[in-house]
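Subject: Handing over a structure

Dear colleague,

I am passing on the structure below, and after it I set out what was found there. Please keep it open beside this message while you read.

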Amino acid sequence: MPTKYVVACDGSSASGRAVKAAVEQAKLTGASLLLVHVLEWSPYSFLTPEEIEERHKRRSEELKRAQIALVDPLIATLASEGVEADAIIRYGHVTQTLAEIAEKEGAAQIFIGRTGQSTLAKMVFGSVAAAMAQIAPVPCTIVP
């Protein structure tokens, strides 16, 4: 089975550095990259049917926007550099989703930027990188 690296992508400069580090490693090892963009989404069970419909519409728009603005251009750039890459965009808790995808896809390693597009609350209460270091099912490279 070919080697695959999962790379967390959120459009931040730290995410860009993580992609660059993963590309360098992939070129050395012949691995492919799986770019993962996770949109935080919290479930609400007390919404009205109208609110659920509106929320579903926004969710679809956000997925499409992430695909067009972030994922598609990045995959095209990587292809021009000779790096095989695919992408997954999911809603959920970032660290849990990254860990689940890495395990399901049989990834050999996860690359993640030390800081991303996070809020002040995340900086105070914990970061995605710190959580990934704790729960990653495979080695996790945290790129400064």
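Which residue follows H2, and is its phi positive or negative? The residue is Gly 82, and its phi is positive, near 80°. Please bear in mind throughout that this is a predicted model.

To stay with that helix for a moment, H2 is made up of 32 residues, and the span from its first C-alpha to its last comes to 45 Å, which is close to the 46 Å expected at 1.5 Å a residue. The buried residues of the helix are Arg 55, Ala 66, Leu 70, Val 71 and Leu 78, and the buried residues of H2 pack against H1, against strand S2 (32-39) and against S3.

Salt bridges come next, and a search of the whole structure finds two of them. In one, the side chains of Lys 4 and Glu 105 meet at 3.0 Å, N to O, and this pair links distant parts of the chain, since Lys 4 belongs to strand S1 whereas Glu 105 belongs to helix H3 (residues 94-105), 101 residues apart.

Lys 27 is exposed, with a relative accessible area of 52%, whereas Glu 81, at 38% relative accessibility, counts as partly exposed.

Finally, the structure holds one aromatic pair. Tyr 5 and Phe 111 form this pair, with 5.4 Å centre to centre and 65° between the planes, and the arrangement is edge-to-face. Because Tyr 5 lies in strand S1 (residues 4-8) and Phe 111 in strand S4 (residues 109-113), the pair ties together parts that are 106 residues apart in sequence. Tyr 5 counts as buried at 4% relative accessibility, and Phe 111 is likewise buried, with a relative accessible area of 4%.

Notes: Residues numbered from 1 in each chain as written. Predicted model: local features only at pLDDT ≥ 70, side-chain atom pairs only at ≥ 80, totals over all residues. Heavy atoms only, no water. Phe/Tyr/Trp six-rings, centres within 6.5 Å; stacked < 30°, edge-to-face > 60°. Helix = DSSP H or I, 4+ residues; strand = E, 2+ residues; numbered from the N terminus. Buried < 20%, exposed > 50% of the residue type's maximum accessible area, 1.4 Å probe, protein only. Salt bridge = Lys/Arg side-chain N within 4 Å of Asp/Glu carboxyl O. Expected span 1.5 Å × (residues − 1). Contact = heavy atoms within 4.5 Å.
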